[in-house]
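Please look over the sequence and the model shown here before reading on. The report that follows is meant to be read with both in view.

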Amino acid sequence: MIRREMKEENSRMEGKLSRAAKKLTSSPIQELSHLAQRCNAINLAEGFPDFPAPLHIKNAAVSAINSDFNQYRHVQGICDLVAKTVKETHGLDIDPLTEVAICCGQTEAFAAAIFATIDPGDQVILFDPSYETYQGCVTMAGGVPIHVPLDPPHWTLDPNKLLRSLTERTKAIILNSPHNPTGKVFTKDELETIAGVCCSRDCLAITDEVYEHITYDNQQHISLASFPGMQERTIITSSLSKTFSVTGWRVGWAIAPAFLASAIRNIHVTATDSAPAPFQEAALTALRSPPEYFESLRRDYQSKRDYIIKLLAEVGFKIQFIPQGSFFLFAELPENCPLSDVEFVKKLILEAGVVAVPGQGFFHTNLSSNEVSNENCSYQKRYIRFAFCKSEATLTLVSERLEEEEAGRPLLGHDVDSSILIAHQNEDTILPSPPDHTDKSLPSLSVPRQRLVSLDVFRGLTVALMILVDNVGRAFPSLNHSPWFGVTLADFVMPFFLFVVGVSIGLVFKKVSSKPNATKKVITRTIKLFLLGLLLQGGYFHGRGHLTYGVDLSKIRWFGVLQRISIGYFLASISEIWLVDNNILVDSPAAFVRKYSIQWMFSILLCSMYLCLLYGLYVPDWRFKHSNLLWSGRVSMIQNVHCEVRGSLEPPCNAVGFIDRLVLGEQHMYQRPVYRRTKECSVNSPDYGPLPPDSPVWCLAPFDPEGILSSLMAAITCFMGLQFGHILVLFQGHKQRVLLWSVFSFSLLLIGYLLEILGIPLSKALYTLSYMCITAGASGMVLTVIYYIVDIEYLRKPTVLLQWMGMNALIVYALAACDIFPAVIQGFYWGSPENNLELTFPFLDSYKVLFGVEQLNCYGPATGPLSK
């Protein structure tokens, strides 16, 4: 009963509020900040730094307090330094005694400027979206806010919209540049348009230039007052808050013609009397900061900007406009996200513990004309503002919390290039993240992410080439592996695989929250891939013409293609997890080198180990058993091969084969050596054939080097692909990526050919340094071309099949390249082998004879590109 009476009394007393007070509501940004405190959420809503202010400024404030500057005070020195700075930066002559008014922060300076100039009924132009304070001040003064929408996604000013918004009652234009919330820096042309309108319509201009020292990418802030005819009609407001990370000190100022500055000063004195005295004293120290301080400020905030862009792009936001100034990012939800900005922010708080500001609070519906009002404004509920004026620890914690929402990414597929969301609107291939939340009634927080389709196509092309040369290589030896030295089409297949694995690693491990957990995943995947290689290439399957299966462990092939790929994957992944300095944000070529310098040193170490062993290891004489009477007329159970050399790259006496014989044993190596197609061993070279007269004895050796040693160099191909992945992650522009990839690829090709000229031959069997450079460079060029066609020009229909093959690369490899699928179909017969399905269809026999498909690459004799 008592509560009801009190409620009725409060309701009656609310009628005592002024009309101005009734029009004002609580700040949604501050409400979200309070919510962040209650929920222990990370506050990316409110634009205040959470890192320490500069020490010399804090010391100046402490000194002022200890010196008893604690009473009402006007520090004229602030006016003097502000006038000096404006003269130096904008060329404006300001009288510090009459044309500068010190206030309690920029907010009070702005409010005092409005109250000093706006009467009830006056119209004031604001650019939409706009900071909430502007409309509130205009409304309290009795003015009428008129919002001129800036055009997304780059928030450009349409002069026609501005002109249509003007009336005889227009008294002032409010300009905030650099702009909150978008980060836009108004261009010189746009400022000239605004200045022209002010002069021709005799309007005032009130500017908020509080972010004047926080600009990026060589953008320069230009004050509207610096344009002809504008100084006498412009009120500039600014403060210490943003530039010196002291938002709570409340020291700001207004610069205006003397009659306006005097009115602003009078309003300030009436309302608050003076700004905090000790902080005014400290402001003298701040305003005397050297130019190096402001340069450092820009660099630090630009690094934070780049970090938050990559972070949010990984979640799935569309970042079509890169902030040019301020410390806010206005990120757009993608079209396929069903949530509005408010709904998404609510989910963000509840599920990730991160607070941001829904964009619709910065937009306004009472636009300046019916024409504008009827425009499609649905975008106003698609933006969210994030403040990145936070410490590295805070941004890292945000990254970790958002990362928990991301789904895992398999090694040989589903590569996601989140950064391609930046400045790219037409992507429609989306990889959804499965929901994993307790609240099933609400949509998932994780925004669907885009695939990098060019990687799928590249991987599919590699599988297609493998199948092609497997089946056509017998009929066309020029497509088959080179006998020992040289490069053919088949010799590019395995490097392509290694290269694309490296690119995938660069995407998968671009952000690692737990290095031990990531390492465990890498070890598990490596073991799985190694065991799969044993199953597919160890001799377990006997071919499409056989119903038998199983392998003699005394003859199992330990080191096939997938095993070598697994080693490259392991070394590249471990280096990406442990050897990359993730604290370095790449904003220059030098920073790129510093970030990956230890990883490059590790690559050089592996390459050096390979070269030292290849050219420095002593290879003794060796012997082998031979009983192949069908293949050769010579009968000899034991054959001796004379070596006793170092640095030989010829088939019999190279260090690669020596290490394989020593570690693996002769029975566990590939039994159809490629060197049997050399001129020394075949009259039909480069194809298999009878031995020529006086052929060397090593031609009878029934095994080929598997490549324990050369796997070190093969891993370097993964490292080369890894650098392409780094470029994908760190550079958002298509032109930048294509340029850097092209330069990198051409450099590798050039180095490879130079090495060959200098005496290092091309050899897949040995995986020589020149071969690695040539094939890695070719891989890079092919990927660049595919990226341009598929992800830039968006020509995808011709590559749909390759894309599908790439998305299912491991399955296609196992079924097609290892002949499991044909063996399943053709390996069943009724009664006798003559009834085998393979022989049921005559065209299959012709196909087999023409293309030599009986030469299987996953078991027994083989000629395919992955037979090694």
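The sections below go from the whole chain to its sheets, then to a pair of helices and a single serine.

## The model and the whole chain

This is a predicted model, in which local features need pLDDT of at least 70 and side-chain atom pairs count only at pLDDT 80 or more, while totals for chains, interfaces and linings use all residues. Residues are numbered from 1 along each chain as its sequence is written, and side-chain values use heavy atoms, with hydrogens and water left out.

The protein chain has 29 helices and 18 strands, where helices (H or I, at least four residues) and strands (E, at least two) are DSSP runs numbered from the N terminus. Of the 868 residues in the protein chain, 57% are buried; buried means under 20% relative accessible area, exposed over 50%, and partly exposed in between, with a 1.4 Å probe and protein chains only. Among the contacts (heavy atoms within 4.5 Å) with a separation of 6 or more, 75% are between residues 24 or more positions apart.

## The sheet of seven strands

An open sheet of 7 strands with mixed pairing has the order β2-β8-β7-β6-β5-β3-β4; two strands pair if DSSP finds at least two bridges between them. Its edge strands, each pairing on one side only, are β2 (100–103) and β4 (144–149). On average, and with direction ignored, neighbouring strands of this sheet are turned by 20° against each other; axes are lines fitted to C-alpha atoms, for helices over the stretch in contact, and angles run from 0 to 180 degrees between N-to-C directions.

Strand β6 (residues 204–208) pairs in the parallel sense with β7 (residues 234–239) over 4 bridges, and alanine 205 has threonine 234 in β7 as its bridge partner. Strand β5 also runs parallel to β6, joined to it by 5 bridges, and here alanine 172 is partnered with leucine 204 in β6. Because 5 of the 5 residues of β6 are buried, this strand is largely enclosed by the rest of the structure. From β6, Leu204, Ile206 and Asp208 point one way, whereas Ala205 and Thr207 point the other way. Helix α9 (residues 188–201) lies across β3 (123–128), β5 (170–176) and β6, and runs at about 160° to β5.

## The sheet of three strands

Another open sheet, of 3 strands, has the order β9-β12-β11 with antiparallel pairing, and its edge strands, β9 (328–332) and β11 (357–358), each pair on one side only. Strand β11 is joined by 2 bridges to β12 (residues 383–387), and the two run antiparallel. Helix α13 (residues 341–352) packs on this sheet, touching β11 and β12, and its direction makes about 45° with that of β12.

## A pair of helices

Two packed helices are described by the angle between their axes and the distance between the axes. Helix α18 (residues 515–537) and helix α19 (residues 561–578) pack at an angle of about 175°, with their axes 8 Å apart. These two helices are therefore roughly antiparallel to each other, a description used for angles over 145 degrees, while those under 35 count as roughly parallel, 65 to 115 as roughly perpendicular and the rest as oblique.

## Serine 763

Serine 763 lies in the loop between α23 (734–757) and α24 (769–792), and is buried, with a relative accessible area of 0%. Leaving aside neighbours within four places in sequence, serine 763 is in contact with Trp484, Phe485, Thr768 and Tyr771.
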